[in-house]
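Visitor: I am new to this structure and would like to learn how to read it. Could you take me through a few of the features, step by step?

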Amino acid sequence: MSATGRLLEEFAKAGTRRPLKLLGASGQLGYGIPTPAFNAGLERGPDLIGCDMGSIDIGPYYLGAGKMATAPAQTRRDLRKVLLGARKLDIPLVIGSAGSAGARPHLEQTLALVRGIAQEEGLRFRMAVLPGDIDRGILADAVRAGGVTGIDQMPDLTIEEVGAASHIVGQMGMSTFQQAFAADIDVLIAGRACDTAIFSALPVMLGFPAGLAVHMAKIIECASLCCLPGGRDTILATLDDDGFVLESMAPQRRATPVSVAAHSLYEQSDPFLIIEPEGRAELHDARYEQIDERRTRVSGARWVPATAQTIKIEGSRRVGERAVLLCAASDPFFIAGHEQILQDVSVVVQDLVCEGGEKDYELYWRVYGKNGVSDAKVDAPAPHEVFMLIECIAPTPERALEVARTMKQYLLHFGYPGRQSTGGNLAFAFTPPEITVGTAYRFNIYHIMNAPDVGRLFPLTVENL
């Protein structure tokens with residue numbers, strides 16, 4: 001019998017149920033798992049090890065390009081650590097959003113690493129695989145039927161955008177994971193998934209309250225980020241029928257009522273709601289109680305099932321090839337007039353590189369120190385120096401680099417009011433200061449799709465290693 005099979009059998013027996021221990025190994029697998037905290041977690045005898053491996057925070061490139069955001073060597077070290085730990089204790093290992101963005105290429109890269117580790121270490125286990133890709137035909141049908149709505153002011157999805165996306169994924173939830181657990185498995189590797197499903201699906205299947213399980217999962221998927229000081233060390237959650245206790249496995253980190261409650265603001269538009277495909281956890285009556293200096297107990301979350309199941313879908317399409325110019329300036333007259341200077345030079349550049357043809361590129365700039373991250377306050381003093389990231393997106397790398405280089409040369413020598421030297425408007429940290437940085441993508445699908453038949457969206461396969 002598998003690791004999940006034994007848990008399901010144990011909790012199916014009549015009688016008092018014991019608490020369940022869940023280990024959040026890493027805030028995002030592939031960026032390193034501190035060994036002392038992880039080993040301390042293993043020593044506590046957890047019932048499950050979970051790892052979120054992906055995020056939309058990394059932007060559209062990795063989904064569009066089908067590449068991992070993490071370094072292969074570090075990713076392999078992390079996978080080896082959690083796989084060996086789970087098999088040593090004979091407990092389930094659950095990984096969601098495999099390979100950073102959770103599309104087929106990311107899933108296959110992750111599976112190749114897992115299979116390689118299993119072969120090298122002589123491991124034997126039963127593994128479930130859940131691809132997160134959404135069939136374009138199903139999505140197109142949903143668009144035609146009016147069953148797709150945009151998130152965060154995204155425009156209505158069109159059939160053209162469905163076809164243009166390099167990859168399209170859906171965030172599978174608890175019900176999809178539960179189908180895998182029912183298949184008597186030891187390891188679950190899933191494509192794009194709700195981070196909460198990694199930790200909540202099995203407890204809910206075992207009979208624990210869904211509101212508590214989802215609230216707990218939303219916290220521990222980020223490991224010890226909810227602690228003071230915040231970190232990504234392994235965290236242990238102990239769940240019972242009335243609440244859960246949080247404890248970082250790094251002794252220097254403390255889970256306090258305030259730090260844990262504050263984590264409700266992380267990635268949430270509403271700190272009192274955690275919305276999932278199957279429903280929502282309401283936190284209006286949540287309580288955060290300090291047990292001791294390092295542990296906090298959480299209770300009170302209530303689960304409200306959804307009247308109709310939906311899936312969040314994500315897609316990314318190519319927009320061109322990108323080159324960037326990296327430069328800086330310290331002339332106060334340049335800094336004061338940079339907006340007009342950059343606009344004027346961009347006109348000069350367009351006249352030069354588009355002679356006899358239409359404009360086929362887009363030019364953007366961010367001036368750090370002035371308004372690169374956020375708009376400067378009206379009365380804010382001018383900085384003594386600024387850094388400029390000037391970006392060109394064009395049909396080819398060569399064209400993007402051509403525009404960036406022309407922009408560099410004419411910005412370097414452009415005359416403006418107050419300038420005292422005919423050269424040296426800019427400073428460069430290195431040469432060449434303009435570089436190509438690969439294909440540019442944008443999110444063209446960030447929508448909610450009605451999903452009355454979730455089972456056919458994410459087909460399960462099981463393999464014995």
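Guide: Let us begin with a stretch of the chain, keeping in mind that this is a predicted model. The unreviewed UniProt entry lists residues 256–419 as "domain: Acyclic terpene utilisation N-terminal".

Visitor: What is the order of the strands in the open sheet of three strands?

Guide: In general, strands of a sheet pair through backbone hydrogen bonds, and the pairing is either parallel or antiparallel. Here the order is β10-β11-β14, and the pairing is antiparallel. Because β10 (273–276) and β14 (302–305) each have a single partner strand, they stand at the edges, and one side of each is left without a neighbour in the sheet. Neighbouring strands of this sheet are turned against each other by 20° on average, with direction ignored.

Visitor: How many bridges join β10 and β11?

Guide: The antiparallel pairing of β10 with β11, which covers residues 279–282, runs over four bridges, and E276 stands opposite G279 in β11.

Visitor: Where does M205 lie, and which residues beyond its sequence neighbours is M205 in contact with?

Guide: M205 belongs to helix α9, which spans residues 197–205. Leaving aside neighbours within four places in sequence, M205 is in contact with L8, Q178, F181 and A182. From M205 to A281 there are 76 residues in sequence, while their C-alpha atoms are 16 Å apart in space.

Notes
Residues numbered from 1 in each chain as written. Predicted model: local features only at pLDDT ≥ 70, side-chain atom pairs only at ≥ 80, totals over all residues. Heavy atoms only, no water. Pairing = 2+ DSSP bridges. Helix = DSSP H or I, 4+ residues; strand = E, 2+ residues; numbered from the N terminus. Axes fitted to C-alpha atoms, helices over the stretch in contact; angles between N-to-C directions. UniProt positions renumbered as here; feature names shortened; annotations may be inferred. Contact = heavy atoms within 4.5 Å.
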